[in-house]
Each structure stands twice: as C-alpha cells, then as structure tokens.
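Subject: Structure handover

Hello,

Here is the structure for your files. My notes on it follow below the entry.

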Amino acid sequence: MTETALFPLPIGTTDFEALRDAGQLYVDKTPLIFELARLRQKFILARPGRFGKTLLASTFASLFKHGLTYFAGLAIEKLWKDKTYTVVKIDFSDIKNFESIQDFYARFDDRLIDAFAPAGFRCNESERQSTIRQLSRWMKTLPVNSLVLLINDYDSPLTTCLLTPELFKAVRTRLSSFYASVKTNDACLRFVFMTGITKFHQTGIFSELNNFTDISLDPMFSPLLGYTNEEIRRYFSGY
C-alpha cells in the first residue's frame with residue numbers, strides 16, 4: 001500500500017473477509033495476530049465497545065478456516081505455515097434484554113447449538129436442559145487440536161443484568177458451566193480467543209477461565225486494537 005492510496009474506509013464493516021473482498025482499508029495487525037495464532041493457547045482480551053473486537057475475531061476465523069486466502073499482501077503472508085481447522089465462532093453480544101431466566105436459557109442454548117452445528121454437533125432436542133453436557137460429550141469425541149473456538153463479548157449476558165441480582169446469578173452459573181466445559185475439553189482445542197468488556201476475574205467466573213492468558217494489559221499487544229500514531233500517518237495520510 002502506498003501512503004497516498006485512498007482505499008475506501010471500512011466504516012461499519014466488522015467482517016474481515018467482507019472488508020478484504022471490498023478492497024477497504026485495513027491497518028495491518030497481522031504481525032501481532034501471528035504471534036498469538038502460532039501458539040496452542042487460550043487468550044482473553046478486554047476492551048470497551050467499538051474498539052474492533054468483532055473484526056479481530058473475524059480475522060482469526062478467516063486465518064484458521066481459510067488459511068492465507070484473504071491475507072494477500074499482509075505481513076502474515078510470509079509467516080503463516082499452519083494448516084486449516086474447524087472454526088466455531090460465537091457472538092454473545094446480542095443476548096441482551098432478556099427478562100427472565102428461562103428466556104436467557106433458551107437464547108443462550110440456541111446460540112450454542114447454532115454455533116456448533118456447522119462443526120457437526122447435534123443436540124438432542126428432548127434433552128435441551130442438558131445442552132452444555134451434550135456439547136461437552138461431543139467435544140470429547142473430536143480429534144486432538146482440531147477445533148478453534150472464538151468467542152466475542154463473552155461477558156455480554158452478564159453486563160446486561162448487573163442490576164438484577166437473582167438474574168445475574170443465574171446467568172453467571174450458566175456461563176460458568178459453559179466455560180468449564182471449554183476448560184475440561186482442552187485436548188480438542190487448537191486455539192481459543194475471547195473478547196469482552198470486563199476482565200474475566202471481575203465477572204465471578206475466574207476458576208473456569210484461570211487457564212486463559214489475559215493480554216488486556218500486555219504492552220506487546222496493546223496496538224492489536226485501535227490505531228497508533230504511526231499507523232494513522234502511514235495508512236490514513238491520504239485522508
């Protein structure tokens with residue numbers, strides 16, 4: 001990219017492949033993405049809303065699912081040598097405004113079923129109350145290091161009911177069960193990346209996430225979201 005090239009600004013675009021397909025401007029964060037994706041590890045990153053967390057999760061999804069197909073000309077093109085994987089991407093950001101525990105349970109389980117179905121998970125509808133247990137049993141059947149799990153706004157259902165203690169407790173319990181199943185089924189997980197607004201130790205589900213590496217305040221990864229002064233000068237000088 002030249003400094004004067006006026007690529008269309010990606011205003012409102014949160015899908016990496018759509019952004020690249022449309023030829024929109026992309027500030028190359030792939031050197032840092034590579035440093036994370038090359039590891040067999042679980043990461044969590046907390047940032048306020050509108051910082052680009054959804055786009056970041058989408059970028060990981062594209063890399064692990066389609067390899068370098070959408071990364072031509074980016075730094076990672078010369079670095080990435082890994083194969084492709086089954087990718088499950090879950091976005092909890094729209095599980096909001098539920099008024100009862102039953103409503104939350106139904107919407108949460110629906111989200112899990114919809115997210116894991118393309119990977120081969122089939123839920124027994126007669127046992128919907130045990131969706132998480134069914135999911136855990138299914139994950140135990142998967143090959144080692146075969147699944148990439150990306151969770152956007154992992155804490156969104158919690159933050160929406162902060163002022164309703166009984167509902168908050170029920171939501172936290174269900175989320176804890178799900179994240180505990182992720183922790184238990186480590187063998188099948190090649191890479192896990194979660195984003196949220198709150199740091200995980202503040203949500204009351206610390207024990208289920210204590211095998212995650214929190215990079216929220218890691219100086220190395222501070223430029224992963226947002227733009228540095230150098231990036232603004234390099235990529236936006238034409239504007």
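Arg50 is exposed, with a relative accessible area of 82%; exposed means over 50% relative accessible area, buried under 20%, and partly exposed in between, with a 1.4 Å probe and protein chains only. Its phi is near 70°, a positive value in a residue other than glycine. Arg50 sits in the loop between E1 and H3. Here helices (H or I, at least four residues) and strands (E, at least two) are DSSP runs, numbered from the N terminus.

This is a predicted model, in which local features need pLDDT of at least 70 and side-chain atom pairs count only at pLDDT 80 or more, while totals for chains, interfaces and linings use all residues. Residues are numbered from 1 along each chain as its sequence is written, and side-chain values use heavy atoms, with hydrogens and water left out.

Asn97 also has a positive phi, of about 60°, although it is not a glycine. Its place is the loop between E2 and H4, and at 66% relative accessibility Asn97 counts as exposed. For context, most residues other than glycine have a negative phi.

The model has an open sheet of 5 strands in the order E2-E3-E4-E1-E5, with parallel pairing; two strands pair if DSSP finds at least two bridges between them. E2 and strand E5 (213–214) stand at the edges with a single partner strand each, so one side of each has no neighbour in the sheet. The parallel strands E2 and E3 are joined by 6 bridges, and Ile90 stands opposite Ile151 in E3. Between E3 and E4, also parallel, there are 5 bridges, with Ile151 opposite Met194 in E4. Strand E1 (residues 42–46) runs parallel to E4 and is joined to it by 5 bridges; Lys42 stands opposite Val192 in E4.

How buried is E3? Of its 6 residues, 6 are buried, so E3 is largely enclosed by the rest of the structure. Leu147, Leu149 and Ile151 point one way from E3, whereas Val148, Leu150 and Asn152 point the other way. In a regular strand the side chains alternate between the two faces of the sheet.

The helices

H7 lies across E1, E2, E3 and E4 and runs at about 155° to E3. Axes are lines fitted to C-alpha atoms, for helices over the stretch in contact, and angles run from 0 to 180 degrees between N-to-C directions.

The 16 residues of H4 should span 22 Å at 1.5 Å a residue, and its end C-alpha atoms are 23 Å apart, which agrees; the expected span is 1.5 Å times one less than the number of residues. Its buried residues are Phe104, Phe108, Asp109, Leu112, Ile113, Ala115 and Phe116. They cover an arc of only 170° around the axis, which puts them on the same side of H4; the arc is that of the directions from the helix axis to the C-beta atoms. On the other side of H4, Gln102 and Asp114 are exposed. The buried residues of H4 pack against E2, H5, E3, helix H6 (156–159) and H7, where contact means heavy atoms within 4.5 Å.

In H3, 11 of the 14 residues are buried, so the helix is largely enclosed by the rest of the structure. Among them are Lys53, Leu55, Phe60 and Phe64. The buried residues of H3 pack against helix H1 (16–21), helix H2 (30–37), E1, E2, E3 and E4.

The nonpolar cores

A nonpolar core is a set of buried Ala, Val, Leu, Ile, Met, Phe, Trp, Tyr and Cys residues joined through side-chain atoms within 4.5 Å. The largest has 40 residues, and those with the most contacts inside it are Ile90, Phe116, Phe178 and Tyr179. Elements giving two or more residues to this core are strand E2 (86–91), helix H4 (101–116), helix H5 (131–139), strand E3 (147–152), helix H7 (165–184) and strand E4 (189–196). H7 provides the largest share, 7 residues. Apart from this core lies another, of 30 residues, including Leu36, Leu45, Trp80 and Leu150.

Not counting residues up to four places away in sequence, Tyr179 touches Phe92, Ile151, Tyr154, Met194, Ile205, Glu208 and Leu209.

Regards
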